[in-house]
Amino acid sequence: MTQSVPTETTTRHVDVLIVGAGLSGIGAACHLQRELPGRSYAVLEAREAIGGTWDLFRYPGVRSDSDMFTLGYSFRPWSEPQAIADGASIREYVRDTAREYGVDEHIRFSTRVVAAEWSTADSLWTVTAQRTDTGETETWTCSWLSVCSGYYRYDQGYRPDFPGEEHFRGQVVHPQHWPEDLDFAGKRVVVIGSGATAVTLVPSMAATAAHVTMLQRTPTYVVSLPGRDALAEKLRRRLPDRVVYPVVRWKNVLVSMASYQLSRRRPEVMKRVLAKATAKQVPADLDVATHFAPPYDPWDQRLCVVPDGDLFRELRRGTASIVTDRIASFDETGIRLESGQHLDADVIVTATGLNLLPIGGMALTVDGEAVDLSKTVSYKGFMVSGVPNFAMTIGYTNASWTLKADLVARYVCRLLTHLERNGYAAATPLAPAEGGVEPFIGLSAGYVRRSLTALPQQGARAPWKLYQNYVRDVLLMRRGPVEDEGIRFTRPVRERAGVAAGERAA
């Protein structure tokens, strides 16, 4: 089997086709190459660069909101001193990983997958892709299709219409499409939003802007974490990274899980812990109850992480401020609020969120029948009922994305090995008898609520329920059986037809 990406104009075939060359796609390709080196594969990437999110987002201060010991790959230790890393460092880490494992030679850029059709008779996916640079159409076939394109639209962020916006004389920008030439030095900036992007932008812009105001309709829980991991720095003075990395990785996993479990089981206790920690870091005259106490429980939405309390530091310095109010309208010089207050602005940043786009917006078909993802049930959090030889990677909502992406990539290798050893052609998840009972993502964030109807459902019990629990998933996906009640394995159609004909002749 060849290991090179075909370039001829006819239909191209590989054993495994991976969609997306971001953090998940590069990880999936590396796992495949490490564990099943004889399989041919290709990575199709709609953009022109490796990195996915970390190449797309270029706004000031863009960084991870998970520590790099869990956001990094399990097979390639993160060796930089920062535990909460900036976007450029993460982008280089992903690119370096692709180069180190030779994955970069298997990537076909400017190639957007628009449709995939499964044929049971051929045990094959036929994938239609469009070249974003030439407009030409390509056709690929594969035995297994892994979609690692994340779950939001890369070409369009969520952008509500604001009354009177046309009257504003300054500049309005969205973080997902940050202008390279935007100069905000010495200017008054208003950042609309309260999520991870907003709490990153505010301290980053405050360093050079005249003043930055974070305008939020609803507060968010904000947690300060050290920018460097003290345990990692201590151990690195004595031990190599290959030893330190798993120790610190598991320490961070367990701490994160403990925080999440406390939040879900004793939300009032966690609220008090967060409020007390915040009160110690903000200016004495800032009302924590107004600006940092959301009307929902911790982890109903993701907690926002600020490394070394950088947001709180700028609030104390007075270079940034926070306003909790609703927008009445834009005007020529800024924003009028429903309270009657006016925020003067030269630049307005709409950090208003994302638009979800499951499986990159591609159309799925199985034996001529269109697949409606919302009518399917997720299996082990990465396959969907009724769709053979297909995986989609969606990371944890309460922990690092890569923890789940690594598990999915390794499990795909387990499944491929199981198929080959047993002479199977397809692995098709089955929905539970009771069907789906819960949304796929259990967060109340706006970007989730707006798009739940486009996602699969989850079941009430394993293997269809998403527990958002890494330890439990490790046991399920690394140690659990490959064959269970939630999946059906079948042999090639022609082989089955031959057996049936033999039985009739007998």
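Visitor: Which residue is the bridge partner of arginine 336 in β16?

Guide: In this predicted model, histidine 342 of β16 is the bridge partner of arginine 336.

Visitor: What makes β15 and β16 a pair?

Guide: Pairing needs at least two bridges between two strands. Three bridges join β15 (residues 334–337) to β16, and the two run antiparallel. The count meets the cut-off, so β15 and β16 are paired.

Visitor: Why are β14 and β16 said to stand at the edges?

Guide: The open sheet has the order β14-β15-β16, with antiparallel pairing. β14 (327–331) and β16 (342–344) each have a single partner strand, so one side of each has no neighbour in the sheet. Neighbouring strands here are turned by 20 degrees against each other on average, direction ignored.

Visitor: What is the strand order in the open sheet of five strands?

Guide: The order is β8-β17-β9-β10-β13, and the pairing is parallel. β8 (171–173) and β13 (320–324) are the edge strands; each has a single partner, so one side of each is left without a neighbour in the sheet. On average, direction ignored, neighbouring strands of this sheet are turned by 20 degrees against each other.

Visitor: How do you know that β9 and β17 are paired?

Guide: Four bridges join β9 (residues 188–192) to β17 (residues 347–350), and at least two are needed, so the pair qualifies. One of the residues to look at is valine 191, whose bridge partner in β17 is valine 349.

Visitor: What makes you say that helix α5 packs on the sheet?

Guide: Helix α5 (residues 196–206) touches β9, β10 (211–216), β13 and β17. The direction of α5 makes about 165 degrees with that of β10.

Visitor: Why is threonine 350 called buried?

Guide: Threonine 350 lies in strand β17. Buried means under 20% relative accessible area; threonine 350 has 0%, so it counts as buried.

Visitor: Which residues is threonine 350 in contact with, leaving aside its neighbours within four places in sequence?

Guide: Those in contact with threonine 350 are Arg159, Phe162, Val172, Val173, His174, Pro175 and Ile192.

Visitor: Which residues is phenylalanine 390 in contact with, apart from its neighbours within four places in sequence?

Guide: Phenylalanine 390 is in contact with Trp125, Trp144, Leu145, Val147, Ile359, Leu364, Phe382, Met383 and Val384.

Visitor: What is the area buried between domain 1 and domain 2?

Guide: About 3300 Å² is buried between domain 1 and domain 2, and carbon and sulfur atoms give 56% of this area. Tyr59, Arg63 and Phe69 supply 21% of the area that domain 1 buries against domain 2, more than any other three residues.

Visitor: How many residues of domain 1 are in contact with domain 2?

Guide: 43 residues of domain 1 are in contact with 39 residues of domain 2.

Key. Residues numbered from 1 in each chain as written. Predicted model: local features only at pLDDT ≥ 70, side-chain atom pairs only at ≥ 80, totals over all residues. Heavy atoms only, no water. Axes fitted to C-alpha atoms, helices over the stretch in contact; angles between N-to-C directions. Contact = heavy atoms within 4.5 Å. Buried area = accessible area lost by both parts, 1.4 Å probe. Buried < 20%, exposed > 50% of the residue type's maximum accessible area, 1.4 Å probe, protein only.
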